[in-house]
Amino acid sequence: MKHFLRMLIQVCLFFYCKFLWRCLKFVMRKLTGRCELQRICYNTKPGASRTMKIETSLRDSKSKLLQTSVSVHPDAIEKTIDDIMELKKINPDINPQLGISLQACLLQIVGYRNLIADVEKLRRESYDSDNPQHEEMLLKLWKFLKPNTPLESRISKQWCEIGFQGDDPKTDFRGMGLLGLYNLQYFAERDAAAAQQVLSDSLHPKCRDITKEEISKFSKAEWEKKRMDKAIGYSFAIVGINITDLAYNLLVSGALKTHFYNIAPEAPTLSHFQQTFCYLMHEFHKFWIEEDPMDIMEFNRVREKFRKRIIKQLQNPDMALCPHFAASEGLINM
């Protein structure tokens with residue numbers, strides 16, 4: 001009975017708040033002479049703040065036209081804006097900037113949805129060793145990461161040198177499908193120096209410098225043990241696939257909207273997603289050093305802590321994870 005009453009109160013509060021919000025919108029329109037879309041566009045700076053408010057306004061509208069506008073085909077955006085202006089009885093000649101602002105927002109909103117579809121398609125496509133294109137990408141990954149070391153054979157223990165678990169990498173792509181391979185190859189090709197440095201560090205880790213403040217916290221025995229401890233590396237390719245999973249979940253959950261709406265003036269693309277992956281790999285590399293784990297069994301703890309830090313950053317509406325990111329800039333060694 002208590003559960004039912006609680007549910008009833010929550011439903012009543014929901015409808016009450018919704019009714020109150022509609023009344024407030026009506027009053028604001030009468031006072032300002034502008035609809036909610038106009039107020040957002042004129043009072044909020046371009047970027048994630050504006051686009052996310054526009055997206056919420058359209059999605060929560062009682063108008064079917066406005067609700068469906070967030071999922072139209074990119075080619076239909078111009079006509080959709082014309083229809084919205086007509087519905088809201090806004091003269092485009094008097095308010096030319098409104099149409100431009102709405103178009104930019106809709107391109108980002110629709111583009112984000114399409115990006116999710118593109119990324120999901122790659123994730124669902126399994127690696128096929130009988131597919132020449134898949135094989136070519138895998139061999140290129142080796143070439144970009146180990147340019148001076150020939151791969152002796154397709155099935156080889158050498159794959160462990162770049163962080164795969166066995167002698168055939170195809171089994172490691174099961175979780176993220178081709179998406180993991182696409183991301184790893186993008187990083188290795190577009191920022192070869194950084195990727196090779198991170199790979200080298202993962203295989204031959206160095207202990208980070210310990211500050212005087214940290215030294216003072218250790219007893220003599222603990223300090224001697226700390227000095228003798230070896231830094232823990234990680235499997236480059238496996239971590240890359242794991243970070244791909246992190247980037248994928250941030251995208252699907254909508255957490256990356258803040259970032260993409262701030263860096264992509266129009267529709268975010270697969271390249272934007274892959275650049276974000278490169279940034280996450282670079283940042284995880286630094287974070288792993290900072291955490292200085294005792295062994296590889298701490299990977300999940302470190303990853304989860306890293307995930308929470310990224311999500312916290314993305315809660316800032318002005319956040320852009322990598323506005324001018326070049327992974328090779330400022331890379332630190334393990």
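Me: Ser-101 lies in helix H6 (residues 96–124). What makes a stretch count as a helix?

Reply: Helices are DSSP runs of H or I with at least four residues, strands are runs of E with at least two, and both are numbered from the N terminus. The model is predicted, so local features need pLDDT of at least 70 and side-chain atom pairs count only at pLDDT 80 or more, while totals for chains, interfaces and linings use all residues. Residues are numbered from 1 along each chain as its sequence is written, and side-chain values use heavy atoms, with hydrogens and water left out.

Me: Why is Ser-101 called buried?

Reply: Buried means under 20% relative accessible area, exposed means over 50%, and partly exposed is in between (1.4 Å probe, protein chains only). Ser-101 has 6% relative accessibility, so it counts as buried.

Me: Which residues does Ser-101 touch, not counting those up to four places away in sequence?

Reply: Ser-101 touches Cys-41 and Arg-50. A contact means heavy atoms within 4.5 Å. Cys-41 of H2 and Arg-50 of H3 also take part in the contact between those two helices.

Me: What makes H2 and H3 roughly antiparallel?

Reply: Axes are lines fitted to C-alpha atoms, for helices over the stretch in contact, and angles run from 0 to 180 degrees between N-to-C directions. Under 35 degrees counts as roughly parallel, over 145 as roughly antiparallel, 65 to 115 as roughly perpendicular, and the rest as oblique. The axes of H2 (residues 36–43) and H3 (residues 48–59) come within 10 Å and cross at roughly 175°. The two helices are therefore roughly antiparallel to each other. H2 contributes Glu-36, Leu-37, Ile-40 and Cys-41 to the contact, and H3 contributes Arg-50, Lys-53, Ile-54, Ser-57 and Leu-58.

Me: How do the residues of the contact of H2 with H3 divide by class?

Reply: Five are nonpolar, one is polar and three are charged. The nonpolar class is Ala, Val, Leu, Ile, Met, Phe, Trp, Tyr, Cys and Pro; the charged class is Asp, Glu, Lys and Arg; the others, Gly among them, are polar.

Me: Why does Met-52 count as partly exposed?

Reply: Met-52 is in H3. Its relative accessibility is 30%, so it falls in the partly exposed class. Leaving aside neighbours within four places in sequence, Met-52 is in contact with Thr-258 and Tyr-261. The C-alpha atoms of Met-52 and Gln-108, 56 residues apart along the chain, are separated by 9.7 Å.

Me: What makes H6 roughly perpendicular to H8?

Reply: H6 and H8 (residues 178–190) pack at an angle of about 110°, with axes 5 Å apart. That angle makes H6 roughly perpendicular to H8. Val-119, Leu-122 and Arg-123 in H6 meet Leu-178, Leu-179 and Tyr-182 in H8. By class this contact has five nonpolar, no polar and one charged residues.

Me: How do you know that H8 and H9 are roughly perpendicular?

Reply: H8 and H9 (residues 192–203) pack at about 110°, and their axes are 5 Å apart. They are therefore roughly perpendicular to each other. Phe-187, Ala-188, Glu-189 and Arg-190 of H8 make the contact with Ala-192, Ala-194 and Ala-195 of H9. The contact has five nonpolar, no polar and two charged residues.

Me: Why is H14 described as largely enclosed?

Reply: In H14, 17 of the 22 residues are buried, so the rest of the structure largely encloses this helix. H14 (residues 270–291) reaches 31 Å from its first C-alpha to its last, close to the 32 Å expected. The expected span is 1.5 Å times one less than the number of residues. Asp-292 follows H14 and has a positive phi, near 50°.

Me: Why do Leu-87 and Val-252 count as partly exposed?

Reply: Leu-87, in H5 (residues 77–87), has 43% relative accessibility and so counts as partly exposed. Val-252, in H12 (residues 236–253), has 41% and so counts as partly exposed. Not counting residues up to four places away in sequence, Leu-87 touches Ser-63, Leu-65 and Leu-66.

Me: How many helices and strands does the protein chain have?

Reply: The chain has 15 helices and zero strands. Of its 334 residues, 43% count as buried.
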